[in-house]
Amino acid sequence: MALRIQALHVGTLKDFPTAAITYHRGFGEVHDVAMIMFLITGGDHPVIVDTGTGSVEFTRQHHGYTLVRPPEQEPLAVLERAGVDPADVGTVINTHLHWDHCSNNDLFPNARIIVQRDELSYALDPLEPNLAAFERLPGLVPPWVRALDRITAVRGDVELAPGLSIVHLPGHTPGSQGVLVQGEERSYLLAGDCVDSHANWDGDAKLSHIPSGSFTNLHDYMDSFTKIEDLGCVVIPSHDFAVVETGEYV
Ligand SMILES: [Zn+2]
């Protein structure tokens with residue numbers, strides 16, 4: 001049975017620095033960024049890929065950004081509209097452990113949570129420029145720790161279920177991973193922040209694909225782009241409003 005992906009809109013981060021999304025492009029400019037939680041159905045149980053940010057207040061206080069999240073975009077409301085009981089979600093996959101991808105892992109009490117082992121170790125002891133993104137700050141407990149007992153660490157590429165695989169895509173972070181999903185006629189890659197937006201994947205006159213402005217290893221990052229090309233799939237970015245507008249991929 002083919003799997004189906006739904007892109008669930010769980011907030012908008014206002015005025016995000018453009019150069020933090022597209023490497024060395026748009027210095028001094030800002031734009032709004034979509035927060036997206038993905039739901040995969042059609043298998044044994046619902047699967048969630050990435051769980052979004054904390055609250056509006058928390059985001060302002062600890063990250064200095066304005067998050068717009070009306071009640072209908074609260075994660076629980078979005079799931080209810082999609083007909084999913086969080087208790088029925090059997091698997092949560094974090095593409096990586098940046099705060100805007102794992103802050104609601106604890107909403108899913110019965111899920112095993114799939115994270116790359118390299119990501120777990122880096123999230124515990126990131127380099128100074130990356131401390132805030134992992135919420136590794138004095139007085140804060142990183143959000144993924146709240147569901148630590150349910151985390152399963154994986155290494156590299158792993159098939160989780162028929163038509164559903166993890167693909168290790170280091171570069172943005174050491175343990176960034178994509179999720180390869182077999183749809184009816186084509187396969188899709190939920191690329192995490194290896195590909196933030198269509199503009200990153202489409203490239204420009206100078207680069208075939210544009211990395212994020214945020215990375216831990218640019219060499220690994222470019223190799224991950226090549227790995228994605230070789231998959232021959234449709235690439236779904238992590239923070240692009242066009243993905244929310246498309247809504248579902250089958
Ligand atoms: Zn990230």
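Two strands count as a pair if DSSP finds at least two bridges between them. With that in hand, strand β5 (residues 91–93) and β6 run parallel and are joined by three bridges. Please keep in mind that this is a predicted model.

**Strand β6 and its neighbours**

- Start with V92, whose bridge partner in β6 is I113.
- β6 also pairs with strand β7 (residues 151–154), in the parallel sense and over four bridges.
- Here V115 is the residue that stands opposite A153 in β7.
- To get from β6 to β7 the chain passes through α4, and this β-α-β crossover is right-handed.
- Is β6 largely enclosed or left open? Four of its five residues are buried, so β6 is largely enclosed by the rest of the structure.

**Helix α4 and its buried face**

- Helix α4 covers residues 117–124, and its residues D118, E119, Y122 and A123 are buried.
- Looking down the axis of α4, you would find these buried residues within an arc of 130 degrees, so they line one face of the helix.
- What do the buried residues of α4 pack against? Their partner is β6 (112–116).

**An open sheet of five strands**

- Five strands make up an open sheet with mixed pairing, and their order is β8-β9-β10-β11-β12.
- The edges belong to β8 (158–161) and β12 (234–236); each has a single partner strand, so one side of each is left without a neighbour in the sheet.
- From one strand to the next, the twist averages 25 degrees.
- Three bridges link β8 to strand β9 (residues 164–168), and this pairing is antiparallel.
- Within that pairing, A161 has L164 of β9 as its bridge partner.

- As background, most residues other than glycine have a negative phi.
- D15 is not a glycine, yet its phi is positive, near 50 degrees.
- You can find D15 in strand β1 (residues 4–17).
- D15 has 12 other C-beta atoms within 10 Å, and 12 or fewer makes a residue exposed.
- H24 is another non-glycine residue with a positive phi, about 60 degrees.
- Look for H24 in the loop between β1 and β2 (30–41).
- H24 is exposed too, because 11 other C-beta atoms lie within 10 Å.

**A closer look at N200**

- N200 sits in helix α5 (residues 198–202).
- Is N200 buried or exposed? With 27 other C-beta atoms within 10 Å, N200 is buried, because 20 or more is the cut-off for that label.
- Leaving aside residues up to four places away in sequence, N200 touches T22, V195, H209, I210, S212 and P237.
- N200 and T226 are 26 residues apart along the chain, and their C-alpha atoms are separated by 14 Å.

Methods:
Residues are numbered from 1 along each chain as its sequence is written. This is a predicted model: local features need pLDDT of at least 70, side-chain atom pairs count only at pLDDT 80 or more; totals for chains, interfaces and linings use all residues. Helices (H or I, at least four residues) and strands (E, at least two) are DSSP runs, numbered from the N terminus. The arc is that of the directions from the helix axis to the C-beta atoms. Two residues are in contact if their C-beta atoms, placed from the backbone, lie within 7 Å. Axes are lines fitted to C-alpha atoms, for helices over the stretch in contact, and angles run from 0 to 180 degrees between N-to-C directions. A crossover is right-handed if, with the strands pointing away from the viewer, the path from the first strand over the helix to the second runs clockwise.
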